[in-house]
Amino acid sequence: MSDALFTYWVGMDIPADTSAADVADFNDFYSNVHRKEVLAANPGFLRGRRYELAQDDTRGPRGPRFLAAYDIESKEAAMLYISRNDGPASGRPVYSDGPAAWKQRQTKWRLMWQHILNNPQTLQVCASPYMYLVGMTEAAGAGPAEVDAFNQFYNTIHVPEVLTGYGFESGARYERMREFMHPAPGSPHYLAMYGIKDEATAKAFMQSRLTADPSGNSFSDGPPVWMNRDTKWRLTYRLVE
């Protein structure tokens, strides 16, 4: 199974007071019915993985409780999905109704991404038991040369420093291809996704974030377009399956 260059994400919440039994029904339906229907109904969708939020942004709620990530085999397949989304409702898939918690879901994210760094590691990141997500946008008003400098610094200096500094097992970067849905003021232009090898490492990392200032680390300073970036969210997710 080849690595995919494109991925489609759906993030959703269910009511906070949902019972444990209803959450279990939600997960069973999502994993065993809806996910399979999505893969079958969308040409070029290769696989889907599901995650649950383990730690939200320390600045306040930012991430959806549940996240589904569907790998897409080609740009043509990604563009077909976009075309069907933007076209008449009659051309879109119809999915089964689910249990009570499913009917009460609130979709928070619908995003499509294109891999831009370390694609051979992407499946390893996605399959890690935990993953750390950082969504950010370069400094406002940046021109093409500044964006190039941002990506050069991010790819060659910052990602390796993060992998070493936190002991993450893998990392990949994405660029936003399409925002279908995201709360104001909008989704980040770029996403970094880091795989965390086991639960113990993930718990230690999450605990450290509760007491540390994210800006007070030992990572290198970058060009102004990096130093003035807008970090939209920092989120840790646990693989459901």
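**A walk around the sheet**

Modeller: Let's begin where strand 6 meets strand 7 (residues 190-196): the two run antiparallel, joined by 6 bridges. Strands here are DSSP runs of E, at least two residues long, while helices are runs of H or I of at least four, all numbered from the N terminus; two strands pair if DSSP finds at least two bridges between them. This is a predicted model, where local features need pLDDT of at least 70, side-chain atom pairs count only at pLDDT 80 or more, and totals for chains, interfaces and linings use all residues. Residues are numbered from 1 along each chain as its sequence is written, and side-chain values use heavy atoms, leaving out hydrogens and water.

Across from leucine 191 in strand 7 you'll find tyrosine 174. Strand 6 (residues 170-181) also pairs with strand 4 (residues 106-117), antiparallel over 7 bridges, and there methionine 181 of strand 6 faces arginine 110.

Step back, and you see a closed barrel of 8 strands in the order 1-3-2-8-5-7-6-4, with antiparallel pairing. On average, neighbouring strands of this sheet are turned by 35° against each other, direction ignored.

Aspartate 71 is buried (under 20% relative accessible area, with a 1.4 Å probe and protein chains only), at a value of 5%.

Technical notes
Buried < 20%, exposed > 50% of the residue type's maximum accessible area, 1.4 Å probe, protein only. Axes fitted to C-alpha atoms, helices over the stretch in contact; angles between N-to-C directions.
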